[in-house]
Structures are given as structure tokens and as C-alpha cells.
Amino acid sequence: MGSAAAAWAGWAAHISAAGGLSLLLDRLGKSLLFSFDPETAHGLSLRALKCGLPPIAGAPRDKRLQVEIAGLVFPNPLGMAAGYDKNAEVPDALLRLGFGFAEVGTITPLAQPGNPKPRIFRLEADGAVINRLGFNNEGHGAAEKRLKARAGRAGIVGVNIGANKDSADRAADYELGVKRFVGLASYLTANISSPNTPGLRNMQSREHLSDLLTRVMTTRDAHRPQGRHVPVFLKIAPDLGEAELDDIAAELLDKRVDGLIVSNTTIARPPLKTPGVAGEAGGLSGVPLFARSTAVLARMRQRLGEHFPIIGVGGVDSAETALEKIRAGADLVQLYTGLIYGGPTLPARIVSGMLAEVQQTGAANIRELRDSRLAHWLDQPLDG
């Protein structure tokens with residue numbers, strides 16, 4: 001472990017032992033990590049989790065927070081989105097932070113370095129990040145080895161699969177991902193929505209999507225580990241029009257895909273407060289993505305019906321924003337950028353806030369809150 005990561009773990013342990021001052025832990029951790037460039041800070045946070053970031057007050061476990069979709073029972077609705085743990089290094093450590101599930105990846109068949117650095121940019125005044133990483137990862141083999149090592153452990157861990165930048169047959173790369181991880185994943189996600197691999201988002205067009213989903217679902221059905229049904233989700237971009245959403249919904253239903261994740265980062269640039277950096281190329285995530293991604297989420301809920309599983313992502317940084325995704329139609333929610341700004345105690349705080357809302361409203365469970373503001377979000381513009 002590097003000296004900076006050791007220092008972080010050391011002072012975090014001191015604070016935890018001194019009384020569990022979670023917000024102070026978050027502030028100090030952010031201050032330390034933000035003294036490094038974003039990619040170095042990301043690596044240090046992974047190292048800290050690997051070496052056992054001190055126990056943080058866990059998220060409440062309450063049956064009212066359980067969500068059952070696609071044959072899986074999630075202990076709470078909050079998940080870690082793909083992009084943080086690209087190589088399946090720390091899924092169990094993430095679950096210990098309070099997440100109800102963790103999604104690793106995106107993982108491509110062959111290792112690839114991604115785009116040139118610098119490729120991650122903080123927009124602190126906006127609570128946002130721009131990245132153009134380009135599916136940098138160690139490839140199927142490295143992730144498979146780590147996931148095999150945790151086989152048999154509790155906890156829902158999804159595997160997000162993608163295609164290599166220079167692949168001659170990108171759909172074949174997804175088939176390889178299904179074959180490699182179907183026996184190790186709680187669920188699989190086909191990610192065709194990153195803006196940082198040239199041409200990848202073209203796979204969202206109906207012709208390409210039909211071919212991809214046919215091949216992915218056929219491969220999944222032919223490789224059922226011990227007869228177990230492993231759900232397949234599709235992750236889409238927020239930068240889609242009404243006709244494109246119509247086509248995607250039709251293909252999801254026709255190919256009997258198990259669920260949808262809305263959404264990846266946006267290439268749009270709403271008004272931003274951070275000077276200079278806002279002009280960097282790449283996908284924008286965090287607070288400015290919330291409205292756009294939630295409007296897309298609501299439209300997909302309307303198109304797919306009440307029983308189709310949907311995970312909402314984009315701009316979740318509090319219990320309030322997580323709950324609003326659910327009110328807009330999400331069964332589950334995920335975050336990543338929110339953790340960068342909110343710190344390691346954020347998951348437990350969000351889950352606690354979710355439970356408080358269930359209690360305050362008198363709902364029997366979190367599911368009763370879903371769709372309660374669907375009409376509102378259907379009225380919001382897609383370019384909001």
C-alpha cells in the first residue's frame with residue numbers, strides 16, 4: 001500500500017475509534033484525495049478499500065427496503081454503479097459501505113489502456129465529473145480470477161461487460177463477456193452507452209440493438225450455470241430522442257431482456273459553473289445529469305410498463321435524489337460521482353434516509369413510493 005493510502009487508512013481508523021464522526025471522516029477523506037489529480041485519487045481510494053477502510057456505521061437492514069426484481073432480492077435499493085471498480089477489485093468492500101449491490105466493470109475481453117491522460121476532470125462547483133476514460137481495464141482474465149476468488153460469498157455483484165475499441169465484431173465481445181461471467185455474476189449488464197469508445201453508442205440504433213440483444217440473450221440462455229437464471233440488463237445513454245426510446249423499449253420487450261439501466265453519462269453540456277474544464281470532451285456525470293437522466297427514466301417506465309425492472313442512475317448524491325429516482329419510476333438506483341463528493345459514509349446515509357421516508361409516509365415498503373411522481377417527470381423536457 002502506498003504511503004498516501006496508508007495515511008488515509010490510519011487517520012480514518014483514528015477517527016472511527018474516537019467516536020465514529022462520519023461526516024468528519026468524509027470531509028477529511030475528500031480533502032486528502034482532492035489534493036491529488038482525479039485518477040490518482042481514484043487509485044488511492046481503491047487501495048484504501050483493499051486494505052480495509054475502517055468499519056463505518058452500516059446501513060440499516062430492514063425488510064421494508066428490500067426490492068425483488070429479475071429473480072434477485074436486493075437488501076436495499078442503492079447500488080454502486082459500474083465505472084468505479086473496473087477490475088472487480090473491491091466489490092465486497094463496497095457492499096460493506098452500505099450498498100445493496102455493486103456493479104463491477106466495464107470489462108472488455110482484452111485488456112486495454114483507454115484514452116490518453118488526463119482523462120478525468122472534476123467540476124467541483126457543479127458536483128460533477130467529466131471523464132473520457134475509454135473502457136480502461138485489465139480484461140476478462142484478471143476480473144474472472146478475482147470473481148472466482150469471492151465465489152460463494154453473500155451479496156449481489158453485477159458484471160458490466162463491453163467491447164474492445166478495436167474489435168472487428170463488437171457484438172461478439174458481448175457474447176464472450178456473457179460466457180465468461182455468467183457463472184460468477186449475480187446479473188450481467190451490456191453497456192452500449194459509453195461516449196468514450198468511438199461508435200459504441202451506434203449499437204443503440206434499432207438494427208444494431210436487435211442483433212446484439214438476440215446474440216446476448218441466446219448466449220445467456222445457452223450457458224445457465226447449474227440451471228440458474230442470470231438476469232441481463234441493458235445500459236443506455238441519456239442523449240436519446242423519443243423515437244430512439246421507442247425503438248429501445250420495443251427491442252427490450254421483444255428480446256425479453258431482464259432489465260434496463262438509465263443512464264450513462266451525457267455528452268450534452270447544460271449550464272455549468274466550473275470555468276474551463278466544462279469544455280473538455282467526454283461524458284458528464286453528477287448533479288447536472290440528474291434532470292435529463294430522470295426524464296429519460298420516466299419515459300422508459302411509461303414505455304416498458306409497471307413490471308419491467310429499471311435501475312436509475314445519474315446525479316444521485318443524497319437520500320432525496322435517490323428517492324426522486326424511485327418516484328420517477330426506478331426500482332433501484334445507483335451512484336458513482338456522488339461518492340466522490342459525498343465520501344464513504346454516503347451510502348449508509350442515503351439508505352438511512354430512504355428508511356426514514358418509508359417510515360414517515362407510512363408506506364409498507366419502498367416499492368410503494370415508486371411512480372408517485374412519474375407524471376411530473378414525464379412532463380420534463382429531455383434537454384432539461
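This is a friendly dialogue about reading features in a predicted model.

Trainee: What should I know before I start reading?
Mentor: The model is predicted, so local features need pLDDT of at least 70 and side-chain atom pairs count only at pLDDT 80 or more, while totals for chains, interfaces and linings use all residues. Residues are numbered from 1 along each chain as its sequence is written, and side-chain values use heavy atoms, with hydrogens and water left out.

Trainee: Where does UniProt place the feature "active site"?
Mentor: First, a word on such records: UniProt positions are given in the numbering used here, feature names are shortened, and annotations may be inferred rather than shown by experiment. In this case, an unreviewed UniProt entry puts the "active site" at Ser-194. Ser-194 sits in the loop between strand 8 and helix 7. Helices (H or I, at least four residues) and strands (E, at least two) are DSSP runs, numbered from the N terminus.

Trainee: Is Ser-194 buried or exposed?
Mentor: Buried means under 20% relative accessible area, exposed means over 50%, and partly exposed is in between (1.4 Å probe, protein chains only). Ser-194 counts as buried because its relative accessibility is 6%.

Trainee: Which residues is Ser-194 in contact with?
Mentor: Contact means heavy atoms within 4.5 Å. Leaving aside neighbours within four places in sequence, Ser-194 is in contact with Phe-135, Leu-200, Arg-201 and Asn-264.

Trainee: Where is the feature "binding site" placed by UniProt?
Mentor: The unreviewed entry lists Lys-86, Asn-131, Arg-132, Leu-133, Gly-134, Phe-135, Asn-191, Asn-196, Asn-264 and Thr-265. Let us look at Asn-196, found in the loop between strand 8 (187-191) and helix 7 (206-222). Asn-196 is buried because its relative accessibility is 11%. Not counting residues up to four places away in sequence, Asn-196 touches Asn-115, Asn-131, Arg-132, Leu-133, Gly-134, Gly-282 and Gly-283.

Trainee: Where is Thr-265 found?
Mentor: Thr-265 is in the loop between strand 10 (259-262) and strand 11 (283-286). With a relative accessible area of 9%, Thr-265 is buried. Its contacts, leaving aside neighbours within four places in sequence, include Asn-131, Pro-195, Arg-201 and Asp-239.

Trainee: Why is strand 8 largely enclosed by the rest of the structure?
Mentor: Count its buried residues: strand 8 is largely enclosed because 5 of its 5 residues are buried. Tyr-187, Thr-189 and Asn-191 cover one side, with Leu-188 and Ala-190 on the other, and all are buried. Take Thr-189 as an example: its relative accessible area is 1%, so it is buried.

Trainee: With which side chain does the side chain of Thr-189 make a polar contact?
Mentor: A polar contact is a pair of N or O atoms within 3.5 Å; within protein, one must be able to donate a hydrogen and the other to accept it, and residues adjacent in sequence count only if both atoms are side-chain atoms. Here the partner is the side chain of Glu-103, at 3.3 Å.

Trainee: In which sense do strand 7 and strand 8 pair?
Mentor: Two strands pair if DSSP finds at least two bridges between them. Strand 7 (residues 156-161) pairs with strand 8 in the parallel sense, over 4 bridges. Between these two strands the chain passes through helix 6 (residues 170-181), and this β-α-β crossover is right-handed. A crossover is right-handed if, with the strands pointing away from the viewer, the path from the first strand over the helix to the second runs clockwise. Strand 8 also pairs with strand 9 (residues 232-236) in the parallel sense, over 4 bridges. The chain goes from strand 8 through helix 7 to strand 9, in a right-handed β-α-β crossover.

Trainee: How many salt bridges does a search of the whole structure find?
Mentor: A salt bridge is a side-chain nitrogen of Lys or Arg within 4 Å of a carboxyl oxygen of Asp or Glu. The search finds 31. One of them joins the side chains of Arg-132 and Glu-280 (3.0 Å, N to O). This pair links distant parts of the chain, 148 residues apart: Arg-132 is in the loop between strand 6 (128-131) and helix 5 (140-149), and Glu-280 is in the loop between strand 10 and strand 11. Glu-280 counts as partly exposed, at 27% relative accessibility.
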